[in-house]
Amino acid sequence: MVLTIAISTFLLTYLLAIPAAVRLRSKYPLADRPFKVPVSDTGFRILGAICFIWILIGSWVAIFPGTLEVRFGLEYDFEATWGVSQFTFEAFALGTLGCILALGLVGYARGKKVRDAVAPVSATPELIND
């Protein structure tokens with residue numbers, strides 16, 4: 001159960017990172033990148049959408065195991081698989097994710113002074129390629 005929650009937190013970060021990567025590639029096309037997918041921007045958006053959907057499904061399955069199996073008419077004995085009731089598992093999963101979210105929000109709020117002290121960087125192509 002703990003491993004599944006750890007995996008879900010790892011997957012959930014990619015639900016933000018993948019759209020950010022797609023957005024940054026189109027917003028700053030001249031930026032030098034050490035790794036670049038050799039496809040057009042449209043191809044990159046399609047690949048990003050495919051990855052996003054798979055990670056969304058993986059996140060759902062990690063947080064709410066057995067729900068897709070039941071949805072597709074497959075047998076799934078939750079207690080035999082996990083050793084706890086589905087309610088206990090989901091309470092633990094959602095409680096853990098809620099604690100992580102709260103900790104992240106506290107960190108974000110406490111970092112306001114640091115963010116405000118950093119001078120904004122201009123996004124001109126000259127600065128990006130230097």
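**Helix α1 and its surroundings**

Helix α1 passes α2 in a left-handed crossing, a term used when the near helix is turned anticlockwise from the far one by less than a right angle, with right-handed meaning clockwise. This is a predicted model, in which local features need pLDDT of at least 70, side-chain atom pairs count only at pLDDT 80 or more, and totals for chains, interfaces and linings use all residues. Residues are numbered from 1 along each chain as its sequence is written, and side-chain values use heavy atoms, without hydrogens and water.

The axes of α1 (residues 2-27) and α2 (residues 41-63) come within 9 Å and cross at roughly 165°, which makes α1 roughly antiparallel to α2. Helices here are DSSP runs (H or I, at least four residues), numbered from the N terminus; axes are lines fitted to C-alpha atoms over the stretch in contact, with angles from 0 to 180 degrees between N-to-C directions. Angles under 35 degrees count as roughly parallel, over 145 as roughly antiparallel, 65 to 115 as roughly perpendicular and the rest as oblique.

The contact of α1 with α2 comprises 15 nonpolar, six polar and three charged residues, where Ala, Val, Leu, Ile, Met, Phe, Trp, Tyr, Cys and Pro count as nonpolar, Asp, Glu, Lys and Arg as charged, and the others, Gly among them, as polar.

Against α5, the axis of α1 lies 10 Å away at an angle of about 45°, and the two helices are therefore oblique to each other, in a right-handed crossing. Here Val-2, Thr-4, Ile-5, Ser-8, Thr-9 and Leu-12 in α1 meet Phe-89, Phe-92, Ala-93, Thr-96, Leu-97 and Ile-100 in α5, a contact with eight nonpolar, four polar and no charged residues.

Methods: Contact means heavy atoms within 4.5 Å.
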